[in-house]
Amino acid sequence: MRGPTIVAPTVVALLCAFAAQGAIVSVTKDIAVDTKWTSANEYNLDTQVKVLAGATLTIQPGTMIRAAKNDSSGRAPALIITQGEPSIYSTIHTTFKFCSYQCSGAKIDAQGTASQPITFTTQETITSTNNRGLWGGIVVCGFGILSGPTGTTSFVEGLDNIVYGGTNNTDNSRIFY
């Protein structure tokens, strides 16, 4: 008669890691409320996703975020941390003006570690012939002063009606490590 089977701790840890693997979450809508992305899941950006004014996106250490090559309109998916909605249109500077002290823009808090980095990458297999244009990026639209007249804002190139700039150099829209 055989005795009990003893499984090495390494094997148990590997089995637990595979059992704990989370879901693949398809991100297709803007983020309007405080949201946390956990390392238990993988997040796929299938379009340009905006974090809207007043919301904070917190990304845990060890989280994987993958972007599709492009969305249905041919645009590279990106994560966009916005200022908010335009309040006054200025024909003098041809830019939007924002209430930079009264309004709260969106925020991102992404603090990876050396042992658990937050990874932003593509959903595609990278080869020597397709190593460009696979990720739209992370765009943080703060309220800091731009060169030009005080309070000047500007549009982010390649994005529809996404504005950055303002009058508040103490704005803090992000925490990245």
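The model is predicted. The protein has 177 residues, and 32% of them are buried. It contains 1 helix and 15 strands. Its mean pLDDT is 75, but two stretches, residues 1-20 and residues 86-103, stay under 50.

**Overall build**

- The strand count is 15, against 1 helix.
- Take the contacts between residues at least 6 apart in sequence: 55% of them join residues at least 24 apart.
- The accessible surface comes to about 10800 Å². Carbon and sulfur atoms account for 54% of that surface.

**Confidence**

- A pLDDT of 70 or more is reached by 75% of the residues.
- Strand β2 (residues 35-37) has the highest confidence, at a mean of 97.
- Strand β8 (residues 88-90) has the lowest, at a mean of 34.
- Residues 1-20 stay under 50, and the model gives this stretch 2 contacts beyond four places in sequence.
- Residues 86-103 also stay under 50, and here the model has 37 contacts beyond four places in sequence.
- Where pLDDT is low, the predicted coordinates should not be read in detail.

**Nonpolar cores**

- The largest nonpolar core holds 18 residues.
- Trp37, Leu45, Val51, Leu57, Ile59, Ile65 and Leu79 have the most contacts inside this core.
- Six elements are named as giving two or more residues to it: β3 (42-45), β4 (49-51), β5 (56-59), β6 (64-67), β7 (79-81) and β10 (107-110).
- A second, separate core has 7 residues. Among them are Ile80, Cys141, Val156 and Ile162.
- Valine 51 is one of the residues with the most contacts inside the largest core. Beyond four places in sequence, valine 51 is in contact with Ile31, Leu57, Leu79, Ile80, Ile81, Thr82, Ala106 and Lys107.

**The salt bridge**

- The count comes to 1 salt bridge.
- The side chains of glutamate 42 and arginine 66 form it, at 3.2 Å from N to O.
- Glutamate 42 lies in strand β3 and arginine 66 in strand β6, so the pair ties together parts that are 24 residues apart in sequence.
- Glutamate 42 has a relative accessible area of 21%, so it counts as partly exposed. The cut-off for buried is under 20%.
- Arginine 66 is partly exposed too, at 25% relative accessibility.

**Around glutamate 42**

- Leaving aside neighbours within four places in sequence, glutamate 42 is in contact with Ala23, Ile24, Val25, Met64 and Arg66.
- Isoleucine 24 is 18 residues from glutamate 42 along the chain, but their C-alpha atoms are separated by 4.8 Å.
- Serine 26 is found in strand β1 (residues 24-27).
- Serine 26 and glutamate 42 are 16 residues apart in sequence, and their C-alpha atoms are 8.6 Å apart in space.
- Serine 26 is partly exposed, with a relative accessible area of 46%.
- Beyond four places in sequence, serine 26 is in contact with Asn44 and Asp46.

**A buried loop glycine**

- Glycine 112 lies in the loop between β10 and β11 (119-122).
- At 15% relative accessibility, glycine 112 counts as buried.
- Glycine 112 and threonine 63 are 49 residues apart in sequence. In space, their C-alpha atoms are 8.3 Å apart.

**A nonpolar surface patch**

- Ile138, Val140 and Phe176 make a nonpolar surface patch of about 200 Å².
- Phenylalanine 176 is found in strand β15 (residues 174-176).
- With a relative accessible area of 35%, phenylalanine 176 is partly exposed.

Note on methods. Residues are numbered from 1 along each chain as its sequence is written. This is a predicted model: local features need pLDDT of at least 70, side-chain atom pairs count only at pLDDT 80 or more; totals for chains, interfaces and linings use all residues. Side-chain values use heavy atoms; hydrogens and water are left out. A nonpolar core is a set of buried Ala, Val, Leu, Ile, Met, Phe, Trp, Tyr and Cys residues joined through side-chain atoms within 4.5 Å. Buried means under 20% relative accessible area, exposed over 50%, partly exposed in between (1.4 Å probe, protein chains only). Helices (H or I, at least four residues) and strands (E, at least two) are DSSP runs, numbered from the N terminus. Contact means heavy atoms within 4.5 Å. Accessible areas come from the Shrake-Rupley method with a 1.4 Å probe; for residues, only the protein chains shown count as cover. Patches are made of residues with over 30% relative accessible area and no salt bridge: like charges are joined within 9 Å, nonpolar side chains (Val, Leu, Ile, Met, Phe, Trp, Tyr) within 5 Å. A salt bridge is a side-chain nitrogen of Lys or Arg within 4 Å of a carboxyl oxygen of Asp or Glu. pLDDT is the predictor's confidence in each residue, from 0 to 100.
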